[in-house]
Amino acid sequence: MTDAARFSDELRRLRAERGLSYRALAELAHHGKSYIEDLEKGRKPPNDAVAERLDQALGAGGRLVAALRSTALDDETDGEMDA
């Protein structure tokens, strides 16, 4: 799974679970609707600050941060395996 794919899948699942539109989530997270859509569709890469803000807006208990960090850990592990 690509770097942003795990995060994107989790974001999509959480947003749908809560019945939020892109616009509604964007307002809760203080981001633009297009940016939220781009994150969810994997067109923009997430960062820690965005993941934390979306976690709070969705009441996700850190699941988006964990998804983001797991991709970083996977990248580090892949690099070690290549060495």
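E37 lies in helix α3. This model is predicted. E37 has a relative accessible area of 17%, so E37 counts as buried, because buried means under 20%. Leaving aside residues up to four places away in sequence, E37 touches Y22 and R43.

Helix α3 covers residues 33-40, and E40 lies in it. E40 has a relative accessibility of 2%, so E40 is buried. Which residues does E40 touch, not counting residues up to four places away in sequence? They are S8, L11, R12, R15 and Y22. Two of these contacts deserve a separate look. The side chains of E40 and R15 are joined by a polar contact of 2.7 Å. Another polar contact, of 3.1 Å, joins the side chains of E40 and Y22. Y22 is also touched by E37. A5 is 35 residues from E40 in sequence. In space, the two are 8.5 Å apart, C-alpha to C-alpha.

Now turn to helix α4, residues 48-58. At its start, a side-chain oxygen of N47 comes to within 3.1 Å of the backbone nitrogen of A49. Inside α4, the residues V50, A51, L54, D55 and L58 are buried. Why do these residues sit on the same side of α4? They cover an arc of only 135 degrees around the axis, and this puts them on the same side. A49 and Q56 are on the other side of α4, where they are exposed. G59 follows the helix. The phi of G59 is positive, near 60 degrees.

The largest nonpolar core has 18 residues. Which of them touch the most other members? They are F7, L11, L25, L54, L58 and L64. Five elements can be named here: α1 (3-17), α2 (22-29), α3, α4 and α5 (63-82) each give two or more residues to this core.

L54 links several of these names. L54 is buried in α4. Not counting residues up to four places away in sequence, L54 touches F7, L11, L25, A29, I36, L39 and L64.

Definitions and conventions: Residues are numbered from 1 along each chain as its sequence is written. This is a predicted model: local features need pLDDT of at least 70, side-chain atom pairs count only at pLDDT 80 or more; totals for chains, interfaces and linings use all residues. Side-chain values use heavy atoms; hydrogens and water are left out. Helices (H or I, at least four residues) and strands (E, at least two) are DSSP runs, numbered from the N terminus. Buried means under 20% relative accessible area, exposed over 50%, partly exposed in between (1.4 Å probe, protein chains only). Contact means heavy atoms within 4.5 Å. A polar contact is a pair of N or O atoms within 3.5 Å; within protein, one must be able to donate a hydrogen and the other to accept it, and residues adjacent in sequence count only if both atoms are side-chain atoms. The arc is that of the directions from the helix axis to the C-beta atoms. A nonpolar core is a set of buried Ala, Val, Leu, Ile, Met, Phe, Trp, Tyr and Cys residues joined through side-chain atoms within 4.5 Å.
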